[in-house]
Amino acid sequence: MAHEHDHGHDHHDHAHEHDHGVWGRIKHALTPHTHDHTEAIQTAEQASAEGIKAAWISLAGMGATAVLQVVIVAISGSIGLLADTLHNLGHLATTIPLIIAFRLGRRAPTRRYPFGFRRAEDLVGLLIGLVIALSAGLIIWESVRAFVEPRSLTNLGWVFAAGVVGALGNELVARYRIVVGRRIGSAALVAEGQHARTDALTSLAVIGGAIGAWLGFPQADALVGLLIAVVIIGVLVSSLRVTLHRLMDGIEDGTLDQIEAVASETPGVLGIARARARWTGHRLEADLDVTVDPTLSVAAGHAIAEEVHRRLAASVRHLDRASVHVEPDGVECGPNLSPATPPAVAG
């Protein structure tokens with residue numbers, strides 16, 4: 001017998017191990033995370049709405065920062081500031097597809113796409129990676145040209161001011177995206193937030209380039225551009241690692257252990273024959289086979305499945321849907337119903 005249920009849930013505590021010290025903090029800031037200790041959004045619909053809102057607000061903030069920087073690049077000729085500006089414009093180019101993906105994920109499943117359209121959010125992660133790679137390549141090209149043929153910088157005070165504005169603006173956008181992304185379980189939105197945080201760091205590097213030019217080292221601006229490109233490539237690798245992990249149906253360590261533990265502690269459940277889970281966009285889906293007393297009635301087995309659902313809903317963060325298949329304990333499966341080839345679960 002099988003049972004499926006859609007639900008929201010309230011909370012869950014994750015155990016994390018983080019490095020301490022300066023390097024640990026830097027690593028934590030630049031590495032995308034997909035969950036934290038804050039309260040989860042209740043439903044998939046609310047999560048999508050929060051994601052769309054966050055994308056639009058951050059788009060406006062980064063757009064204002066990029067416009068200011070474009071003007072200052074035109075009057076100063078700073079390659080470091082140009083690199084930072086291109087990175088910001090890349091964010092603008094990838095935020096729109098992210099909004100579209102959130103909206104697609106809200107569409108109901110169809111006969112052709114019976115699991116819905118939430119994977120679009122993860123696919124946008126690949127587009128984000130492509131844009132990041134292109135911006136890094138362009139920055140490297142311009143920086144090498146500026147290093148071979150140093151360009152005189154003008155209006156260095158404006159460049160310095162633009163770096164300060166860019167650092168503050170990007171950090172505010174990064175914090176907002178990361179907080180919302182973790183609340184709704186969106187790896188793509190968290191990655192975009194981490195991307196914005198590196199923009200804040202590269203804006204600080206622009207300030208360093210301006211100071212170097214003031215001190216009589218014109219190549220400092222080009223070196224800053226190359227440094228920015230290296231940081232961008234590092235973010236690219238981290239972001240793609242998370243995106244590909246989800247596209248390959250990977251989940252965080254401990255998630256499956258928790259699902260199995262919650263189900264096995266449910267009264268009436270004698271064992272867990274199989275358990276699986278995967279991300280679809282910013283929500284988790286799970287299915288598991290539990291064994292029960294073979295003498296139980298269908299109604300009693302159904303009641304146990306309902307209780308498993310209730311406990312999973314209260315414990316597993318971001319879980320949107322779960323399918324529970326009830327099997328009689330001690331009854332050997334047929335050739336087509338072995339644990340390696342589990343029975344189909346009907347909704």
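User: How do you know that the end-to-end distance of H5 agrees with its 29 residues?

Analyst: The expected span of a helix is 1.5 Å times one less than its number of residues, and for the 29 residues of H5 this should be 42 Å, which agrees with end C-alpha atoms that are 42 Å apart. Just after H5, Gly185 takes a positive phi of about 80°. The model is a predicted one, in which local features need pLDDT of at least 70 and side-chain atom pairs count only at pLDDT 80 or more, whereas totals for chains, interfaces and linings use all residues. Residues are numbered from 1 along each chain as its sequence is written, and side-chain values use heavy atoms, with hydrogens and water left out.

User: What makes a stretch a helix or a strand here, and how many of each does the protein chain have?

Analyst: Both are DSSP runs numbered from the N terminus, helices being H or I with at least four residues and strands E with at least two. On that basis the protein chain has nine helices and four strands, and along the sequence they follow the pattern β-α-α-α-α-α-α-α-α-β-β-α-β.

User: Why is H6 described as largely enclosed by the rest of the structure?

Analyst: Buried means under 20% relative accessible area, exposed over 50%, and partly exposed in between, with a 1.4 Å probe and protein chains only. In H6, 23 of the 28 residues are buried, so this helix is largely enclosed by the rest of the structure. Its residues 187-214 should span 40 Å, and the end C-alpha atoms, 41 Å apart, agree with that. In the protein chain, buried residues make up 50% of the 347 residues.

User: What makes a group of residues a nonpolar core, and which members of the largest one touch the most others?

Analyst: A nonpolar core is a set of buried Ala, Val, Leu, Ile, Met, Phe, Trp, Tyr and Cys residues joined through side-chain atoms within 4.5 Å. The largest has 29 residues, of which Leu98, Phe102, Ile184, Leu189, Ile228 and Ile232 touch the most other members. The elements giving two or more residues to this core are H2 (44-76), H3 (79-105), H4 (119-148), H5 (156-184), H6 and H7 (220-247), with H4 giving the most, six residues. A second, separate core of 22 residues includes Ile259, Trp279, Leu288 and Val292.

User: Which residues does Leu189 touch, beyond those up to four places away in sequence?

Analyst: With contact taken as heavy atoms within 4.5 Å, Leu189 touches Gly51, Ala54, Leu98, Phe102, Arg177, Val180, Gly181 and Ile184.

User: Why is Phe217 called partly exposed?

Analyst: Its relative accessibility is 40%, so Phe217 counts as partly exposed. Phe217 lies in the loop between H6 and H7 and, leaving aside neighbours within four places in sequence, is in contact with Gly212 and Leu223.

User: Is His318 buried or exposed?

Analyst: With a relative accessible area of 2%, His318 is buried. His318 lies in the loop between H9 (298-315) and S4 (319-328), and its phi is near 70°, a positive value in a residue other than glycine.

User: Why does Asp249 count as partly exposed, and where is it found?

Analyst: Asp249 counts as partly exposed because its relative accessibility is 32%. Asp249 is found in the loop between H7 and H8 (255-264), and its phi, near 65°, is likewise a positive value in a residue other than glycine. Most residues other than glycine have a negative phi.
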